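Below is a short briefing for a reader who is new to this structure. Please look over the sequence and the model before going on to the notes.

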Amino acid sequence: MKKINKEKRKTFSNNDLLGIFEGLDISINFSLLPFIAFHFFKTFEIQLAIILTLCIMCLSFFVRVFVPIFVSNINQIILLTRKKTFYSLLFLSYLLPTITISNDVFFHINILLLIFGRVIIGIFISVNNSFILNLITNKNNDYNSLKYFLTILLGVFIGLLLTNLANQLFSNLDLNLWAWKILYIPILFFIILFYFIYNYTSFF
């Protein structure tokens, strides 16, 4: 029985869920780029707004690569990301773009919150991602690498399906004003799921 359970854990793990989460993050944020840009950089030209928003969104990718390299005690950071406080920050990182007030008064605060959120997201994915950690320590294998990228593709596919559904259900005006925020709901669901998996179950 123990051997069967061990095999199941090798077949499907929390890292696979993280891959789906990462794929959702990529597809949804890049699909929503014009709407997010308009929300945060309303007074800018749309081309410049999109470029600035893209740079901010890509911060999480830079963090994913450099955190495991430059952090000396990676286990301490992993434990930090399992705490309830960090999950609250991660949840807020996706929630804040949907509740921020888009005007000149809060412009700089909104941008700082968006940057902070992307850094938090990058830290969470990098130190909980066994593929990245094993790649740095040269312990990765082809099976885990393939499985990880397939789960990312699955997340991207799900995200694209959701954005396509939103485009069919809502007009461009609705999406531009408020409907784009709905697409963050599945990502917020995954964060809650991660919290319970990491803290209250041993299945994964």
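**Briefing**

Q76 is placed in helix 6, residues 74–81 (helices, H or I of at least four residues, are DSSP runs numbered from the N terminus). This is a predicted model, in which local features need pLDDT of at least 70, side-chain atom pairs count only at pLDDT 80 or more, and totals for chains, interfaces and linings use all residues. Residues are numbered from 1 along each chain as its sequence is written, and side-chain values use heavy atoms, with hydrogens and water left out.

**Q76**
- Q76 counts as exposed because its relative accessibility is 53% (buried means under 20% relative accessible area, exposed over 50%, partly exposed in between, with a 1.4 Å probe and protein chains only).
- Q76 and V127 are 51 residues apart in sequence, and their C-alpha atoms are 9.9 Å apart in space.

**Salt bridges**
- Side chains of opposite charge can pair when their charged atoms come close.
- There are three salt bridges in the structure (a side-chain nitrogen of Lys or Arg within 4 Å of a carboxyl oxygen of Asp or Glu).
- R64 pairs with E22 in a salt bridge, with the closest N and O atoms 2.6 Å apart.
- R64 is in helix 5 and E22 in helix 2, so this pair ties together parts that are 42 residues apart in sequence.
- R64 also forms a salt bridge with D25, at 3.2 Å from N to O.
- Because R64 lies in helix 5 and D25 in helix 2, the pair ties together parts 39 residues apart in sequence.
- R118 and D25 meet in a salt bridge of 3.1 Å, N to O.
- R118 lies in helix 8 and D25 in helix 2, so parts that are 93 residues apart in sequence are tied together.
- Through shared partners, the salt bridges join E22, D25, R64 and R118 into one network.
- R64 and E22 are both buried, and so are R118 and D25.

**S60**
- S60 lies in helix 5 and is buried, with a relative accessible area of 0%.
- The side chain of S60 makes a polar contact with the side chain of R118 at 2.9 Å (a pair of N or O atoms within 3.5 Å; within protein, one must be able to donate a hydrogen and the other to accept it, and residues adjacent in sequence count only if both atoms are side-chain atoms).
- The side chain of S60 also reaches the backbone oxygen of M57, at 3.2 Å.

How values were computed
Helix = DSSP H or I, 4+ residues; strand = E, 2+ residues; numbered from the N terminus.
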